[in-house]
Amino acid sequence: MNNKEKTLNFPQNFYWGASTSAHQVEGGNINDWSEWEKKNAERLAGEANNKWQNWQKEKFPEMFEPQNYISGIACDHYNRYKEDFDIAKSLNHNAHRLSIEWSRIEPEEGKFNEKEIEHYRNVISSLKERGIEPFVTLWHWTLPLWVRDNGGWENKKTIDNFIQYAKKISSELKDVKFWIIFNEPEIYSTKSYLQGSWSPNKKSIIKYLNVGKNLIKAHIETYLALKSINQNYNIGIAKNNIHFEDYKKKPINRLFKKFADNWWNFRFLGKIEKHLDFIGLNHYFHNRINYGFNKNENKILNDLGWEIYPKSIYSVLVGLKKYNLPIYITENGLADKDDKNREWFIKETLKNVFMAIKDGVDIRGYLYWSFLDNHEWDKGFWPRFGLVEIDYKTQERKIRPSAKVYAEICKNNELIIKN
Ligand code: BGC
């Protein structure tokens with residue numbers, strides 16, 4: 001280290017790793033999304049021409065192929081999880097976030113599939129054997145077909161169904177310490193019910209509000225149910241928070257910021273804060289408010305055309321301080337096929353995470369999104385978020401250069417920056 005460099009030491013026992021979700025990596029799922037993909041693949045391929053910029057169309061011609069939108073065998077992680085966890089270990093990860101696929105555990109109402117439970121038991125042991133702490137999400141957006149047919153989260157009955165499933169799986173996977181009940185409930189309700197662009201494509205403010213209400217109730221009741229199984233479980237949420245920036249602190253911008261923060265960042269959390277042991281933060285977006293929303297400079301963009309603005313995580317973390325709960329960053333990352341910006345992005349983000357820790361925010365882990373390239377919902381396979389690249393034709397795994405740089409940070413629990 002030369003004297004122009006500075007070492008940022010992260011707290012002891014900090015968790016370092018990456019995240020995935022079942023539907024996006026496992027392959028072979030039969031749920032509301034797998035059905036939706038089959039129905040919508042042609043349409044999505046046809047719409048790509050109007051949706052994306054020329055540079056994106058040139059770089060990712062697969063967006064015009066219906067096959068891109070069908071998750072199919074995805075990364076075949078369901079069968080290759082051991083090989084994948086060997087990679088995570090070789091990259092010095094000591095934590096890993098995954099989700100349980102409800103449709104595998106309970107393919108029919110009230111009938112639990114013991115073989116699938118055994119599968120996840122093996123998944124958890126494989127992580128533990130490698131010294132990797134699992135963070136387990138109970139619901140990352142996909143529903144068993146029978147739940148979909150009952151009306152999904154529009155129906156109050158789904159709350160009870162979900163609790164039964166959550167109780168079953170959490171009493172079987174006793175070695176899991178960290179449970180995340182829901183992944184980004186507000187992204188789901190917005191996309192599926194306010195914009196109506198995701199399964200089940202029901203655009204209605206009333207439904208949107210109702211789904212939100214049911215998800216809040218389900219969170220609280222599931223929290224209590226899991227605690228009654230094991231008081232020591234650490235239970236949280238993976239919450240998508242956005243940095244709303246009140247540009248130049250102009251009064252009108254501040255007013256908009258206050259409104260947006262309260263609606264997007266703090267409303268759900270405010271309702272469940274007494275039923276949380278930690279906050280999982282998923283962070284992707286900066287939204288500059290300057291007499292209107294989304295006035296970002298967009299100096300650097302990722303492959304999806306989203307602004308890359310690593311500074312934003314600092315404000316979001318400081319904004320969560322008021323809950324007085326430990327924070328784990330459960331998702332943060334970018335689509336970057338050529339791995340051009342990822343190393344820089346991770347380092348800049350971690351600099352800001354470190355600053356937030358110094359400013360008193362209790363941050364205990366960082367899980368990059370994503371461990372593997374995967375199936376990015378209605379966009380399909382073309383966006384490449386992975387530390388590990390997947391060749392979908394051969395299922396070959398290739399560690400991206402940035403993953404190796406991140407591995408050094410994980411190993412040493414420190415980040416070396418230029419002063
Ligand atoms: C979701 C992931 C998704 C990622 C990138 C998050 O909102 O939880 O499933 O792949 O963003 O878009």
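1. In this note a residue is called buried under 20% relative accessible area, exposed over 50% and partly exposed in between, with a 1.4 Å probe and only the protein chains considered. The model is predicted, so that local features need pLDDT of at least 70 and side-chain atom pairs count only at pLDDT 80 or more, while totals for chains, interfaces and linings use all residues. Residues are numbered from 1 along each chain as its sequence is written, and side-chain values use heavy atoms, with hydrogens and water left out.

2. A74 has a positive phi, near 45°, and belongs to the loop between α3 (54-59) and α4 (77-90), where helices (H or I, at least four residues) and strands (E, at least two) are DSSP runs numbered from the N terminus. With a relative accessible area of 4%, A74 is buried.

3. N294, which is not a glycine either, has a positive phi of about 55° and is placed in the loop between β9 (286-289) and α12 (312-320). N294 counts as exposed, its relative accessibility being 56%.

4. The bond from S199 to P200 is cis, with omega near 5°, and P200 lies in the loop that runs between α9 (185-194) and α10 (205-229). The bond from W369 to S370 is likewise cis, with omega near 10°, and S370 is in the loop between β11 (363-369) and β12 (388-391).

5. W369 also belongs to the surroundings of the ligand, which include Q24, H140, W141, E331, W377 and F385, a residue being near the ligand if one of its heavy atoms lies within 4 Å of it. The shell divides into 6 nonpolar, 3 polar and 3 charged residues; here Ala, Val, Leu, Ile, Met, Phe, Trp, Tyr, Cys and Pro count as nonpolar, Asp, Glu, Lys and Arg as charged, and the others, Gly among them, as polar.

6. An N or O atom in the side chain of Q24 is 2.8 Å from a ligand oxygen, a polar side-chain atom of W369 lies 3.3 Å from an oxygen atom of the ligand, and for the side chain of W377 the corresponding distance to a ligand oxygen is 2.9 Å. Taken alone the ligand exposes 310 Å², of which the protein buries 95%, with areas from the Shrake-Rupley method and a 1.4 Å probe.

How values were computed: A polar contact is a pair of N or O atoms within 3.5 Å; within protein, one must be able to donate a hydrogen and the other to accept it, and residues adjacent in sequence count only if both atoms are side-chain atoms.
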